[in-house]
Amino acid sequence: MRSSYAQWLLLLLGLSLVGCASDRSQWVTVRTTPRNPLETTLNLVSREGPKPSDRTAQVLRRYDLVKLSERDLSATVTRLQQLQSDIDDREVQYSIAELAYIAGKKAEMNEKSEALSYYGTSLMYAYDYLFDRRQTDTLNPYDPQFRGACDLYNQSLEGTLRLVQADGVLRPGTQGVVHTIGRQCKFDIELNSSGWHAEDFDNFKFVSDYQIAGLRNHYHTYGLGVPIIAERRSHADELGAEKFYPDKLTFPLTAFLRIDRSELPADGSPAKPRFVLELHDPLDRQTLAVDGMKVPLESDISTPLAYFLNQPDFKIEEVSTLGLLKPGEVEKLQGLYMLEPYDPNKMPVVMVHGLWSSPVTWMEMFNDLRSDPYVRQHYQFWFYLYPTGQPFWVSASQMRKDLAEMRVAIDPGQSSPALDQMVLVGHSMGGLVSKLQSIDSGDRFWETMSERSFADLQADPALKQELERAFFFQPNPSIRRVVTIGTPHRGSKFANDLTQWAGNKFIRLPMKLVTSRQALIRDNREYFRDNAPLDIRTSLDSLDPQSVLLTTLRDADPGPWVSYHNIAGRQAAEGFSSWFSKEGDGVVSLESARLDGLPNVRSQLVVEADHLGVHRHPQSVLEVRRILFEQLAELERFPLPAGEVMMASASVESDTTDETPPAERTATRPPPANVLPHSPY
């Protein structure tokens, strides 16, 4: 019994080293009070309650309204509105917006209708402060009050939306009502997104209610509008790209209320403004045109992502563990996933996780990469989920099939050339799965099994077809680059006798795979080589440094249009990690992680990181970003943004198999997709 416990302990320690999943108990937490940039300025949460800023207090003193403001804020706002109609003063205009907002905050708990009126008044006056055509010459963006007006606009709009939403869901294509002191105005709701549609919009939550806990970096831009978390509604009969969106997907939007006074009445009477609540996708656009001015959107792309990952039924640890120990139970979840709307004009970056992991392991890199407008303008990110307990070449065969089926679903006529510039990024074992998409098998892989012709194999037709897909394949003509990170190209000493024994004990392969192997041996006596990899049952077996299939993969011919980039981790070998790797990331040795002397290798980088963190390391993220920029520069001859030369540091060793200085390198542009052979799969 004691020996059994020791074996379990060793297995768990080993798996804790190789596991790639991101163990996050929480991705977001709910704030006790919503984030509000006016909180300090207006003393919103103090015992004394909200009070005006110093400059608004000065306006009240100038016009002898201090005592009135202490008794009756509504009367004070009305008096200032009368003054503003006579003198048209920016300081007064701002003070009306601020005092109305304070009144709204005081009333929202008990007097909802009054709060709506105050918020609407604040919103209108803040909007006029920012966009009044009669006073554009006096607008000073360097005045702190200018940013204060932006915050008043944003917070009064958020306050309005919170109260209106409480009475019913706000959806594109419907109407809402803006109340101001003495009037009310209806507004239309319009969704402005190139990828999402009105029927995709189910409900929304406010970004300000949540604090990110599980992502290292938080990408929030400042401007006008209210960042929201939109919840996608699934459809009964989803077609095309819709089939690749996960359930309960959330996405970022920014709500902006436009006040349009452009349509002047013919009789010369004052214009009645048209109100439109615009919902903008910040991944599509970062600025708006408002009355001839270019206005940045306030946006948040990180919190909606973290909110999606935080959902109770999104139990990623269970998916990762089942994928390793019970691969058959994850088969129904296997496939490609999109977390953004499909765009036929953007190049796909497909991220492939490693052993005991899932797509969640990529969320740090995904969050960082798409924060760059240059990246998100040209690339879209897809994620591949597969059961990691099975040998990596089985997963590669399934991925080959899944990629082909996805192309048929989203681009049946192959009319989107951007899809033929695909970049695969694989971590750990996912790097091997990715590399297998880009090589020509020839007969080499089958020759590891038998000296005899594949046609002589006796097997059930369905099984024989699966074997043919796994051992005979061509490089995918749509893949241009493969980036491998912390990948055991020469296997890992982690796959030793003990871990392989434990893996065979605890990893439960689908019965179909087990019975198929037994049938092959029974029906084909003296057909297979003595050292044929038939005994390789699990992913741990397949990563044995002595595996003949690893050698075959390293020596295989890549598609001539494919470029390879490699990132390896290195850390001090201490404690249990030194059992498996003397120099490397603790699981994969540096020697195994490198791609020295292989064809089409364009760059290699070594970062100071362990196996769990090498793909999240800032230098790895920057390297992938550089590779994406490099592809753009080669395909489109785009000039790279300034400062993209990778700086060497004491913690990073960078080298490349091409000794030409990076600035002087000229890349061979890949042949057009229409002259490449089409995959038979």
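A contact here means heavy atoms within 4.5 Å. On that basis, 78% of the contacts in the protein chain with a separation of 6 or more link residues 24 or more positions apart. The model is a predicted one. Its protein chain has 681 residues, 56% of them buried, and holds 22 helices along with 22 strands.

Now for the nonpolar cores. The largest one takes in 171 residues, and within that set M363 and F392 touch the most other members. Helix α6, spanning residues 112-131, supplies the largest share of this core with twelve residues. As for M363, once neighbours within four places in sequence are set aside, its contacts are W27, L215, L305, L309, L339 and F383. There is also a second, separate core, made up of six residues, with A568, L590, A593 and V606 among them.

One helix pair can be looked at in detail. Two packed helices are described by the angle between their axes and the distance between the axes. Helix α4 (residues 73-87) and helix α5 (residues 90-107) have axes that come within 9 Å and cross at roughly 160°. Angles over 145 degrees count as roughly antiparallel, so α4 is roughly antiparallel to α5. The crossing of the two is left-handed. On the α4 side, the contact is made by L73, T76, V77, L80, Q81, Q84 and I87, while α5 brings V92, Q93, S95, I96, L99, A100, I102, A103 and K106.

Methods
Residues numbered from 1 in each chain as written. Predicted model: local features only at pLDDT ≥ 70, side-chain atom pairs only at ≥ 80, totals over all residues. Heavy atoms only, no water. Core = buried A, V, L, I, M, F, W, Y, C linked by side-chain atoms within 4.5 Å. Buried < 20%, exposed > 50% of the residue type's maximum accessible area, 1.4 Å probe, protein only. Helix = DSSP H or I, 4+ residues; strand = E, 2+ residues; numbered from the N terminus. Axes fitted to C-alpha atoms, helices over the stretch in contact; angles between N-to-C directions. Parallel < 35°, antiparallel > 145°, perpendicular 65-115°, else oblique. Left-handed = near helix turned anticlockwise from the far one by under 90°.
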